[in-house]
Every structure is written in C-alpha cells, then in structure tokens.
Amino acid sequence: MAAILLAVTMAWSVSGCARGGEATSGGASASPSGAAAGSETSKEQVTIRFANLAVGLESAYHQLGIEHGIFSKYGIDLQVVNFTKGGAEATAGVVSGQVDMGSYGTPILTGIAKGVDMKIVASPPIKESPFYLVAKKGITSVQELKGKTVATGAFGGGNHQSFVKILEKNGMKESEVNVVATGGTDEYMILQSGKADAIETVEPVVSRLVADNIGTLLVKAADVYGDYQHFYVFATGDFIKEHPEAVRNFLKASRESHEYARDHFEELVAKGKTLVNMDEKIIREFYKNNIAQWDLSFKVNVTGTENAVKIIQGLGEIDKNVVFDPNTWIDSSFLE
C-alpha cells in the first residue's frame with residue numbers, strides 16, 4: 001500500500017482530493033520551535049499516526065502548527081501517513097493498523113458502515129463537498145460529456161461519488177461516459193494534455209485551469225448535494241479507549257494551528273508556495289476564500305451526515321439497509 005510517513009506535513013482533505021504537489025519522505029518528528037512551545041513541550045508526547053490524503057495548500061495549516069510547537073505544547077507527536085490514492089486506500093490503512101486518527105471525506109462513512117473500528121470525533125474547518133466538474137475549453141454543459149472521457153479520481157472516493165451525483169442531477173448515467181480512475185495523479189496535467197475531456201477536481205486546481213484558459217467550470221458539486229457534510233475527523237476505537245485525552249488535545253492543537261495560520265497570513269502564503277508549484281496570486285486567493293469558509297467549532301452537522309449516508313447508499317457504496325445512528329457513528333464528547 002502506497003503510504004508515505006511524514007512528520008511535518010498534513011492537510012484536511014479530501015476523499016480522493018489531490019490538492020497538488022508531492023509529499024517528501026521523512027521519519028523524525030519536527031522539533032518544537034518558537035514561543036508557542038513554551039516549557040510545556042517537556043511533557044510526555046503521545047504519538048498520533050494521522051491518515052491524510054495528498055499534500056497541498058491546506059497542509060500548511062498544520063505544518064505551521066508543528067513548526068511552532070503547537071502540537072508539542074499539547075503533548076502530541078504528530079506523524080502523518082499520506083494515502084495519495086484516496087480515501088478508500090486510507091480506510092484500508094485503518095483496517096491494517098497503520099493509523100490512529102485521520103481526516104478526509106465520505107470513505108470514512110463507508111468504513112464505519114462496513115464495520116471498521118473508527119468513529120467520527122469532529123469536523124475539519126470546512127465540511128461541504130469541495131469538488132468541481134471542469135471541462136476542456138469548448139465544452140459548456142454536462143450533457144456534452146456523453147461518450148467522452150472524464151477523470152474522476154479513485155473509484156469509491158469523493159471525486160468519483162460527486163461526479164456520479166452530478167450526472168444523476170443532469171439526467172445522465174455513468175455508463176454514458178468513459179470514467180477513468182486517476183487517484184494520485186496531476187489533474188491539471190490530465191486536462192491540459194488532452195488525456196481527458198473533463199476532470200472532477202478541487203481548488204486551487206480549478207482556479208489555475210480557468211486562469212490559464214485551459215478549462216471551463218461546469219458544476220460545483222456542493223450545489224447538487226443539498227444539506228450534506230463531506231469531511232470528517234475520526235479516531236479508531238482502540239485509540240479512543242487508550243488515549244482519549246490525546247484525541248481532545250489533538251483537536252485543541254488543530255484549532256490553534258488554524259488560528260495561527262489565519263493570523264499570520266503572509267507566513268501562510270510563504271509556506272503554501274513551498275508546497276505547490278503555483279502562481280502566488282492563486283495561492284493567496286485560495287487561502288482568502290478557504291479561511292472565509294472556516295467553522296472552527298469543529299462541530300459535526302448531524303443532519304448533513306445522515307444525508308451523506310443516504311447519498312452514498314444511493315450510489316451503491318454501502319448497503320441500503322445500513323441505518324445511520326449518530327450515537328454510535330459520532331462521539332462529540334471530545335469537543336466539550
């Protein structure tokens with residue numbers, strides 16, 4: 001299983017959500033630095049192996065937190081396992097015992113529905129579906145994709161799920177297009193090279209394609225989902241039993257890391273430039289728009305989660321007889 005263990009890079013992302021950029025290997029934890037670490041960094045550290053998808057601009061939020069000793073201050077030695085092929089691969093990593101906590105999209109719900117020992121403990125700052133359907137220049141409607149090739153990311157991931165939902169809303173079936181699974185690949189290059197007529201992708205890839213006059217935005221997935229939550233933070237059952245305070249402290253450190261990034265915008269932009277090869281203007285616009293959507297309460301939208309379960313049931317990802325019970329799927333006590 002392709003997984004790169006990092007100690008200095010993480011992102012809140014998204015099932016099948018390749019944000020651009022490549023991870024670099026690393027083993028040792030980042031050393032606490034800056035005033036944030038204080039004398040508390042001498043406390044015993046609990047290692048958290050955190051499941052994440054591809055490295056990208058949102059990785060900067062927690063990377064800054066690590067570099068400034070925020071996670072160490074809360075007694076967390078954060079080690080990130082990146083699953084570049086998407087959420088389905090990450091959930092398989094939970095089953096194989098590679099991770100303790102993680103954050104990505106609806107494959108978390110699929111895992112819980114199929115009996116994987118994991119529970120939702122919070123939401124990341126952004127909850128809604130981040131996916132967009134972008135076509136090459138000259139294609140202006142979903143219907144024009146009939147018989148054409150569309151790259152959607154790994155099957156079972158959020159990219160693919162959202163594309164199928166968009167087709168459904170436009171009166172089309174998946175069998176009417178040639179769907180190609182491209183988890184872990186450069187979506188920008190796929191559309192630019194002409195290997196696909198459209199892609200299901202995320203920001204800032206969307207803005208870059210539009211700015212470079214390569215693609216046309218057709219549909220924002222969030223507009224077809226209704227009240228729906230896509231992203232979650234989970235912990236495994238064993239980790240909750242053995243380290244409940246570490247789960248709580250991780251969420252505190254996560255919130256503080258986001259606050260630090262928000263309040264040090266120029267440093268955030270500079271960090272983002274080291275993570276992706278992209279025009280600074282697009283990076284700045286991404287962070288501006290992303291931060292404006294944050295909900296740092298980390299509270300789970302229970303109704304939106306129930307709707308997400310129903311949607312992925314309709315897509316055939318989980319058994320139609322599975323019943324969503326918020327009391328067994330979600331543990332909100334770590335936010336209290």
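In helix 5, the buried residues are G158, N159, H160, Q161, S162, F163, V164, K165, I166 and L167. Buried means under 20% relative accessible area, with a 1.4 Å probe and protein chains only. Helices here are DSSP runs of H or I, at least four residues, numbered from the N terminus. This is a predicted model, where local features need pLDDT of at least 70, side-chain atom pairs count only at pLDDT 80 or more, and totals for chains, interfaces and linings use all residues. Residues are numbered from 1 along each chain as its sequence is written, and side-chain values use heavy atoms, with hydrogens and water left out.

Back to helix 5. Of its 12 residues, 10 are buried, so this helix is mostly covered. Its end C-alpha atoms are 16 Å apart, which agrees with the 16 Å that residues 158-169 should span at 1.5 Å a residue (1.5 Å times one less than the number of residues). Just after helix 5, G171 has a positive phi of about 70 degrees.

Next, the cores. A nonpolar core is a set of buried Ala, Val, Leu, Ile, Met, Phe, Trp, Tyr and Cys residues joined through side-chain atoms within 4.5 Å. The largest has 46 residues, and Y104, L133 and L145 have the most contacts inside it. Helix 13 (residues 302-314) gives the most to this core, four residues. Apart from it lies another core of 43 residues, including I48 and W294.

What does L133 touch? Its contacts (heavy atoms within 4.5 Å), not counting residues up to four places away in sequence, include F163 and I166, both buried residues of helix 5.

Definitions and conventions
Helices (H or I, at least four residues) and strands (E, at least two) are DSSP runs, numbered from the N terminus. Buried means under 20% relative accessible area, exposed over 50%, partly exposed in between (1.4 Å probe, protein chains only).
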